Amino acid sequence: MDTEEAGQEIRSGRIVRITHSTDADYELFVQWLNPGGRVAALTGDAGEQVTIAALRREVEVNGSRYCTIRTLAGRPVGMVKFFRIGPEAYEISGAIGEDGLWTRGFGAEGFGLLIEHLFADLGAHRLQFRVGSHNRAMLDMVIRLRFFMLEGILRDRQLVNGERHDLLVWAMLRNEYEALFVRGEWESRPTAGPDSSEKSPERQLVREMLANYLRSGVHTSLTAYQPETVG
């Protein structure tokens with residue numbers, strides 16, 4: 001944690017703002033993520049011991065950055081985290097700390113502010129996050145808002161309270177961010193990824209190969225979620 005940045009505001013919205021986290025915030029994060037807690041269960045950390053030292057080590061070694069979601073009055077209600085996973089690419093995660101606040105819109109706006117920060121301030125090209133199939137509250141928000149595209153499902157990736165759950169991978173690209181957040185094209189959300197002009201001949205051949213593979217009727221990680229399977 002950069003002590004010079006601690007507590008400084010990053011972005012502000014209608015009901016919350018995100019700031020660089022302070023020592024006091026880290027103490028709250030540990031409470032929220034304690035094994036057995038509801039937040040830990042939702043984030044998939046229910047079996048891991050979380051300490052302030054471990055969070056700081058993650059910052060120093062992995063380059064993770066923790067930000068605090070605060071009400072406009074300054075009350076800390078949640079956290080978001082991001083770290084670089086490749087050139088201009090980041091993975092994000094987070095949670096609201098008290099279950100009584102989960103449906104108040106704090107998490108949705110906090111994630112939105114982080115998205116804006118990464119694309120507008122840090123020049124991101126791609127953001128991704130992963131959410132367990134047991135995390136109904138988070139999935140409800142993602143599906144309802146439709147900001148991110150579902151890219152894949154990692155089967156039985158998480159073990160929570162002795163039960164295995166799938167891990168769903170969602171992502172947003174810069175052109176999608178600009179359409180949604182910059183130009184406000186809410187009714188024409190991009191669904192096809194980068195413009196076709198960006199495709200090299202080799203990339204196009206690979207896409208055609210995979211398209212033919214999927215048309216063959218082979219089972220994928222999405223098969224279990226198809227209407228004919230669920231129904």
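## A buried salt bridge: Arg 70 and Asp 25

Arg 70 has a relative accessible area of 9%, so this residue is buried, the cut-off being under 20%. In this predicted model, Arg 70 forms a salt bridge with Asp 25, and their closest N and O atoms are 2.5 Å apart.

## Other salt bridges

The structure holds 11 salt bridges. One of them pairs Arg 130 with Glu 91, with 2.9 Å between the closest N and O atoms. This pair, too, links distant parts of the chain: Arg 130 is in strand β6 (residues 126-132) and Glu 91 is in strand β5 (residues 89-96), 39 residues apart. Arg 130 is partly exposed because its relative accessible area is 39%, whereas Glu 91, at 9%, is buried.

Another salt bridge joins the side chains of Glu 178 and Arg 174, at 3.3 Å from N to O. Both residues lie in helix α6, 4 residues apart, which is about one turn of the helix. Glu 178 counts as partly exposed at 28% relative accessibility, and Arg 174 counts as partly exposed at 22%. Salt bridges that share partners also join Arg 11, Glu 116 and Asp 121 into one network.

## The crossing of helices α4 and α6

Helix α4 (residues 106-121) and helix α6 (residues 174-182) have axes that come within 11 Å and cross at roughly 115°. The crossing is left-handed. On the α4 side, the contact is made by Ile 115, Glu 116, Phe 119 and Ala 120, and on the α6 side by Arg 174, Tyr 177 and Phe 181.

Leu 114 is found in helix α4. Its relative accessibility is 0%, so Leu 114 counts as buried. Leaving aside residues up to four places away in sequence, Leu 114 touches Ile 18, Val 80, Lys 81, Phe 82 and Ile 92. Leu 114 and Phe 82 are 32 residues apart in sequence, and their C-alpha atoms are 8.6 Å apart in space.

His 165 lies in strand β8 (residues 163-173). At 12% relative accessibility, His 165 counts as buried. With residues up to four places away in sequence again left out, His 165 touches Ser 133, His 134, Asp 156, Arg 157, Gln 158 and Val 160.

Val 206, Met 209 and Leu 210 make a nonpolar surface patch of about 280 Å². Leu 210 lies in helix α7 (residues 201-215). Because its relative accessibility is 48%, Leu 210 counts as partly exposed.

## The protein as a whole

The protein has 231 residues, of which 39% count as buried. Its secondary structure includes 8 helices and 8 strands. Among contacts between residues at least 6 apart in sequence, 54% join residues at least 24 apart. The accessible surface comes to about 13200 Å², and carbon and sulfur atoms account for 49% of that surface.

Note on methods
Residues numbered from 1 in each chain as written. Predicted model: local features only at pLDDT ≥ 70, side-chain atom pairs only at ≥ 80, totals over all residues. Heavy atoms only, no water. Patch = residues over 30% accessible without salt bridge, like charges linked within 9 Å, V, L, I, M, F, W, Y side chains within 5 Å. Areas by Shrake-Rupley, 256 points an atom, 1.4 Å probe, with all protein chains shown as cover. Salt bridge = Lys/Arg side-chain N within 4 Å of Asp/Glu carboxyl O. Helix = DSSP H or I, 4+ residues; strand = E, 2+ residues; numbered from the N terminus. Buried < 20%, exposed > 50% of the residue type's maximum accessible area, 1.4 Å probe, protein only. Contact = heavy atoms within 4.5 Å. Axes fitted to C-alpha atoms, helices over the stretch in contact; angles between N-to-C directions. Left-handed = near helix turned anticlockwise from the far one by under 90°.
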